[in-house]
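Me: I am new to this structure. Please show it to me, and then let me ask about it piece by piece.

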Amino acid sequence: MEHPDPWPLRHLVIRTPRLELRPDDDAGLLELVEETHLGIHPPAEMPFAVAWTDADPAVIGRLSMQHYWAVRAQFTPARWDLNLLVRHEGRVIGMQGLLATEFGISREVATGSWIGMRHQRRGFGTEMRAAVLQFAFDHLGATRARSAAAAVNTASRRVSQKLGYREDGTECVVRRGKPTVNVRLVLDEPGFVRPGWTAEVEGLDACRELLGAPC
Ligand SMILES: CC(C)(COP(=O)(O)OP(=O)(O)OC[C@H]1O[C@@H](n2cnc3c(N)ncnc32)[C@H](O)[C@@H]1OP(=O)(O)O)[C@@H](O)C(=O)NCCC(=O)NCCS
């Protein structure tokens with residue numbers, strides 16, 4: 001009797017014209033930590049709701065690895081958080097997250113992402129988000145995608161705006177002990193402003209059960 005692959009996500013790949021997105025693996029996470037040390041945002045700003053980049057550089061690498069392992073360990077069809085390492089020319093440049101709760105029923109996904117500061121403003125942020133939106137809408141059968149960004153996060157909000165998201169209210173997020181405004185964003189599939197290319201997806205069939213996304 002043939003047993004199912006215990007971790008089919010290792011064969012999942014999403015390709016765009018310039019980028020390759022794959023679920024996190026340990027070798028890739030080590031490269032991701034190098035990007036973290038090189039800087040993700042100016043120190044005076046805090047784009048993330050959880051201020052993880054403020055951690056002591058002596059331990060931030062280990063804490064990052066442990067965070068991604070914990071997320072992987074808790075992955076179930078009912079609740080998953082797919083952390084996709086983004087590679088450009090074979091090197092990890094950042095992370096594109098795609099998450100869902102009860103996807104088989106809700107058909108909703110949410111995203112979060114970052115790339116190393118030295119790779120920003122070259123269109124990669126838009127390309128990687130467009131990639132997971134195509135993956136979610138066209139391959140998983142999602143009907144809606146959500147995101148959120150600090151009101152002052154022009155880059156993230158601009159990525160969302162370019163891809164067709166509409167604003168969906170605001171909420172207070174405490175960053176570095178202070179109240180800040182987050183803008184919620186939502187994109188229904190028909191509103192997706194598609195790029196002029198189609199993402200290639202490989203290795204999805206074996207992951208469908210784990211993602212709660214039957215054919
Ligand atoms: C958000 C992020 C992923 C965007 O990636 P990116 O590769 O820099 O974005 P793009 O190059 O695709 O640019 C998208 C748009 O934002 C604009 N933009 C990018 N950085 C900007 C900045 N610092 N200020 C103003 N506009 C900016 C670009 O000009 C572009 O708009 P345009 O096409 O109208 O010119 C990246 O900036 C990042 O990782 N930031 C730090 C972490 C973060 O904020 N994550 C999101 C948390 S919600």
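Reply: A definition comes first. A residue is buried if 20 or more other C-beta atoms lie within 10 Å of its own, exposed if 12 or fewer, and partly exposed in between, with C-beta atoms placed from the backbone. This is a predicted model, in which local features need pLDDT of at least 70, side-chain atom pairs count only at pLDDT 80 or more, and totals for chains, interfaces and linings use all residues. Residues are numbered from 1 along each chain as its sequence is written.

Me: Is Glu 202 buried or exposed?
Reply: Look at strand S9, residues 200–202, which holds Glu 202. Strands are DSSP runs of E, at least two residues long, and helices are runs of H or I, at least four long, both numbered from the N terminus. Glu 202 has 11 other C-beta atoms within 10 Å, so it is exposed.

Me: What distance separates the C-alpha atoms of Glu 202 and Leu 12?
Reply: Along the chain, the two are 190 residues apart.

Me: How does Gly 164 count: buried, partly exposed or exposed?
Reply: Gly 164 sits in the loop between H5 and S7. Its contacts, leaving aside neighbours within four places in sequence, are Leu 187, Gly 191, Phe 192 and Val 193. Contact means C-beta atoms, placed from the backbone, within 7 Å. With 17 other C-beta atoms within 10 Å, Gly 164 is partly exposed.

Me: How many helices and strands does the protein have, and what is its radius of gyration?
Reply: The protein has 6 helices and 9 strands. The radius is taken over C-alpha atoms, and the globule rule is 2.2 Å times the number of residues to the power 0.38. For 215 residues the rule gives 17 Å, and the protein is close to that, so it is as compact as a globular protein of that length. The radius of gyration is 17 Å.

Me: What percentage of the residues count as buried?
Reply: The C-alpha atoms fill a box of roughly 55 × 40 × 30 Å, taken along the principal axes. Of the 215 residues, the buried share is 32%.

Me: Over how many bridges do S7 and S8 pair?
Reply: Two strands pair if DSSP finds at least two bridges between them. S8 (residues 178–188) pairs with S6 (residues 144–150) in the antiparallel sense over 7 bridges. Strand S7, residues 166–175, also pairs with S8 in the antiparallel sense. For S7 and S8, the count is 8 bridges.

Me: Which residue in the hairpin of S7 and S8 takes a positive phi?
Reply: The hairpin has 2 residues between the strands. The phi is near 50 degrees, and the residue is Arg 176.

Me: Which helix gives the most to the shell around the ligand?
Reply: Strand S5 (108–115), helix H4 (124–140) and helix H5 (154–163) each supply at least two residues of this shell. With 6 residues, the one that gives the most is H5.

Technical notes:
Contact = placed C-beta atoms within 7 Å.
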